[in-house]
Amino acid sequence: MGRVTERRRIVRIRDGRADTRADTLVAEEPLEIRLNGKPLAITMRTPGDDFALAAGFLVSEGVVGAAEEVAGIAYCAGATADGGNTYNVVDVRLAPGVEVPDITLERNVYTTSSCGLCGKASLDAVRTTTRWPVADEPPLRLAPELLSALPDRLRAAQQVFDRTGGLHAAALFDEHGELLDVREDVGRHNAVDKVVGRALRSGRLPLSRGVLLVSGRASFELVQKCAMAGVPVLAAVSAPSSLAVDLAAETGITLVGFLRGPNMNIYANPDRVTLPSP
């Protein structure tokens, strides 16, 4: 899988002077996810960690919650009419006895910002389908100084971003601030799915002692993915949406936004952060 980046010729203008040169871009290609041979979803992603992406997507959809529920994941041979393999179609085979959801052309998905569902209905849907409710016992206790150090650790681990400047990232830390995993993708939701999928495949769900940091904003969808994986703390370097705050409050997730240097806003469940004295 050497398609994470691609080279293109560009015209660059600097200080009133133009030159032509090669530039490195992040690759973006469609990935079709099939479930037991039937099409389930298509997402635009950066190639790489495709099996983890598919597994994490199924965790987010409430289809699977443990490694043993997945019998196998493979690229589909003959994905094109001429029999070629594009490596853009993966098939997830569920283990015997795992219920296969009803797959229709109009999927009943509440997890994406484009699904048209919002408010109480979608909050209820997450609460009733979460396999791993947030249950960090004993509760995490995080110093603001620990949280403040995480963005720099994430940035230092973003290898592809250094070459392209065009990727989102999601990083999983433990309660002591140790970096456990980091994934990059053109879509922030895909980066989170890759982290969750890798945790599923290695038998580490629920992530009940984890802190997930995302490089962009915190949307409803990202909070939902944390809820489905049992992540108690979600931090973002940018702003959350109103529905993301509602869902975090509903599911018990500590939601931190605008995490920049020593400054941050805590939007939901602040008890896990040891607050300084006023």
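1. In what order do the strands of the open sheet of four strands stand, and what is the pairing? In this predicted model, the order is β4-β3-β6-β5 and the pairing is mixed. β4 (38-45) and β5 (70-75) are the edge strands, and since each has a single partner strand, one side of each is left without a neighbour in the sheet. From one strand to the next, the twist averages 20°.

2. Within this sheet, strand β3 (residues 29-35) and strand β6 (residues 89-94) are paired in the parallel sense through four bridges, and Arg34 can be located opposite Asp91 in β6. Helix α1 (residues 50-60) lies across β3, β4, β5 and β6, and its direction is at about 115° to β4. Helix α5 also packs on this sheet, where it touches β4 and β5, with a direction that makes about 125° with that of β4.

3. For the chain as a whole, there are seven helices and 12 strands. Of its 278 residues, 47% count as buried, and among contacts between residues at least 6 apart in sequence, 52% join residues at least 24 apart.

4. There is also an open sheet of six strands, which has the order β8-β7-β9-β10-β11-β12 and mixed pairing. Its edge strands are β8 (179-185) and β12 (263-268), each of which pairs on one side only, and the twist in this sheet averages 20° from one strand to the next.

5. The bridges around strand β7 (residues 168-174) can be followed through Ala171. β7 pairs with β8 in the antiparallel sense over six bridges, and β7 is also joined to β9 by five bridges, again with the two strands running antiparallel. Ala171 has Val182 as its bridge partner in β8 and Leu213 as its bridge partner in β9.

6. How many of the residues of β9 are buried? Five of the five are, and the strand is therefore largely enclosed by the rest of the structure. The burial extends to both faces of β9, with Gly210, Leu212 and Val214 on one side and Val211 and Leu213 on the other.

7. β9 and β10 run parallel and are joined by four bridges, and Val214 stands opposite Ala236 in β10. Together with helix α6, these two strands make a right-handed β-α-β unit, in the order β9, α6 and β10. The helix of this unit lies across β9, β10 (233-236) and β11 (254-260), running at about 150° to β10.

8. Helix α5 lies across β7, β8 and β9 (210-214) and runs at about 140° to β8. On the α5 side the contact is made by Arg188, His189, Val192, Asp193 and Val196, which meet Glu221, Leu222, Lys225 and Ala229 in α6. By residue class, this contact between α5 and α6 divides into four nonpolar, one polar and four charged residues.

9. Helix α6 is mostly covered, with 10 of its 10 residues buried. Among these buried residues are Phe220, Val223, Gln224 and Cys226, and the list also includes Glu221 and Lys225, two of the residues that α5 meets. Just after the helix, Gly230 adopts a positive phi of about 75°.

10. Is Thr130 buried or exposed? This residue is found in the loop between α2 (120-129) and α3 (144-157), and because its relative accessibility is 18%, Thr130 counts as buried. Leaving aside residues up to four places away in sequence, Thr130 touches Ala227 and Met228, both of which are listed among the buried residues of α6.

Definitions and conventions: Residues numbered from 1 in each chain as written. Predicted model: local features only at pLDDT ≥ 70, side-chain atom pairs only at ≥ 80, totals over all residues. Heavy atoms only, no water. Contact = heavy atoms within 4.5 Å. Nonpolar A, V, L, I, M, F, W, Y, C, P; charged D, E, K, R; others polar. Buried < 20%, exposed > 50% of the residue type's maximum accessible area, 1.4 Å probe, protein only. Pairing = 2+ DSSP bridges. Axes fitted to C-alpha atoms, helices over the stretch in contact; angles between N-to-C directions. Right-handed = clockwise from strand over helix to strand, strands pointing away.
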